[in-house]
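Subject: Structure handover

Hello,

Here is the structure I said I would pass on. Please open it and keep it beside you while you read the notes that follow.

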Amino acid sequence: MNLTEFNQSDRCEHFSCPERSGSPAVYILLYACSAAVVLLTVCGNMLVIISVLHFKQLHTATNMLVLSLAVSDFLVGALLMPSMLIWTIESCWIFGRDFCISSWLISGFLTISSIYNIALIAVDRYLALSNPFLYMNRVSVRITGIVIVCVWCVVLAYNSAFLYFSVSFMGSLMCPGECSLYLNEVSYVIDLILSFIFPLSVIIILYTRVFVIAKKHATAIRELNNHTRPKTQKITSHSMKSERKAAKVLGILVSVFLMCLLPYFIYSLLGDVIEIQTESFQKVSIVFCLNSTINPVIYALFYPWFRRCIKLIITLRIFQTDSALINILS
């Protein structure tokens, strides 16, 4: 989101969409690649959604958070990426004023939702590793679901109110072929803190703690392996290993998310300090959106259960009787 003082008549007088450069074959290739990325994003996250919803073994608190993130990523691929990629290829906004305003509403809602979904995953891993017995007894699928629904509702209400009160004048100030958002200084600072700085701080602090705890668990597991253990110690060791593995995979997911978010975050911080062109904003937005494409790939690489689910879904075995009870974790 960019912060700019401007004279509207001067802006529109000097604004024009650049003419196309390059051969038609290049544009066909760009559109084909864009369609492939959108299709991969939508289908990949749809597989995650179906897997978690269908198979009973995946109905855990952590997987509810993975489901929430997959829904957010699916909506990014279905609602946001097509117009963003076309805007970048054409170097001009061709969808009109109303769709531009809708796109900003959708973009803000999904961006903030994704960040807070990742923050919830960090909270979940921290609680699971710092106090596993309390986590198993207190954190249920139902409670996690209620928290997720509350977060989505709060984010939607905040983003709608923010756009209504802070940038309600945007539609009348846009030039033809342009789709930009202009905020006053107070709104910009509030949005930056609530949308980026606070959730990012939570993610970084908690995952730093997670890796410190995981290291202690690794040491404890090695000590347990050096002695003859009763059954309760074996169960504890297995539980600790399971939680550490989950923390590792989700840590990779969080790290990739932060790398994709970093250019967008830097743009948000420096957009009012230095002159940044629309093309730069388009590029950092696409990098952020590509995170929604990458997440299902991370699941496929590190989660054997997800690969089994894909096979069952593609072969249509999920339509068989009692397919939801298939053991996919062994």
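Arg-125 is buried, with a relative accessible area of 1%. Its salt-bridge partner is Asp-124, and the closest N and O atoms of the two are 2.8 Å apart. Asp-124 has 5% relative accessibility, so it counts as buried too, the limit being under 20%. Please note that this is a predicted model, and what I describe is computed from it.

How many salt bridges does the count come to? The count is 2. Besides the bridge of Asp-124 with Arg-125, there is one between the side chains of Asp-98 and Arg-97, at 3.4 Å from N to O. Here Asp-98 is exposed, because its relative accessibility of 53% is over 50%. Arg-97, at 44%, counts as partly exposed. As background, side chains of opposite charge can pair when their charged atoms come close.

Next, the helices. Two packed helices are described by the angle between their axes and the distance between the axes. The axes of α2 (residues 24–54) and α11 come within 10 Å and cross at roughly 95 degrees. An angle from 65 to 115 degrees counts as roughly perpendicular, and so α2 is roughly perpendicular to α11. On the α2 side, the contact is made by Gly-44, Leu-47, Val-48, Ile-50 and Ser-51. Helix α11 brings Trp-305, Phe-306, Cys-309, Ile-310 and Ile-313. Of the residues in this contact, 8 are nonpolar, 2 are polar and none is charged.

The segment after α11 (304–314) holds Leu-316, and Asp-322 also lies in the segment after α11. Phi of Leu-316 is near 65 degrees, a positive value in a residue that is not glycine. Asp-322 is not a glycine either, and its phi is positive at about 60 degrees. Are these residues buried or exposed? Leu-316 is exposed, with a relative accessible area of 52%, and Asp-322 is exposed at 55%.

Last, the aromatic rings. A search of the whole structure finds 12 aromatic pairs. One of them joins Phe-257 and Phe-288 edge-to-face, with 6.1 Å from centre to centre and 65 degrees between the planes. Phe-257 is in helix α9 (residues 231–270) and Phe-288 in helix α10 (residues 278–302), so the pair links parts of the chain 31 residues apart. Both Phe-257 and Phe-288 are buried. Elsewhere, ring pairs link Trp-87, Trp-93, Phe-95 and Phe-99 into a cluster.

Regards

Technical notes: Residues are numbered from 1 along each chain as its sequence is written. This is a predicted model: local features need pLDDT of at least 70, side-chain atom pairs count only at pLDDT 80 or more; totals for chains, interfaces and linings use all residues. Side-chain values use heavy atoms; hydrogens and water are left out. Helices (H or I, at least four residues) and strands (E, at least two) are DSSP runs, numbered from the N terminus. Buried means under 20% relative accessible area, exposed over 50%, partly exposed in between (1.4 Å probe, protein chains only). Axes are lines fitted to C-alpha atoms, for helices over the stretch in contact, and angles run from 0 to 180 degrees between N-to-C directions. Angles under 35 degrees count as roughly parallel, over 145 as roughly antiparallel, 65 to 115 as roughly perpendicular and the rest as oblique. Contact means heavy atoms within 4.5 Å. Ala, Val, Leu, Ile, Met, Phe, Trp, Tyr, Cys and Pro count as nonpolar, Asp, Glu, Lys and Arg as charged, and the others, Gly among them, as polar. Rings of Phe, Tyr and Trp (its six-membered ring) pair if their centres lie within 6.5 Å; planes under 30 degrees apart count as stacked, over 60 as edge-to-face and the rest as tilted. A salt bridge is a side-chain nitrogen of Lys or Arg within 4 Å of a carboxyl oxygen of Asp or Glu.
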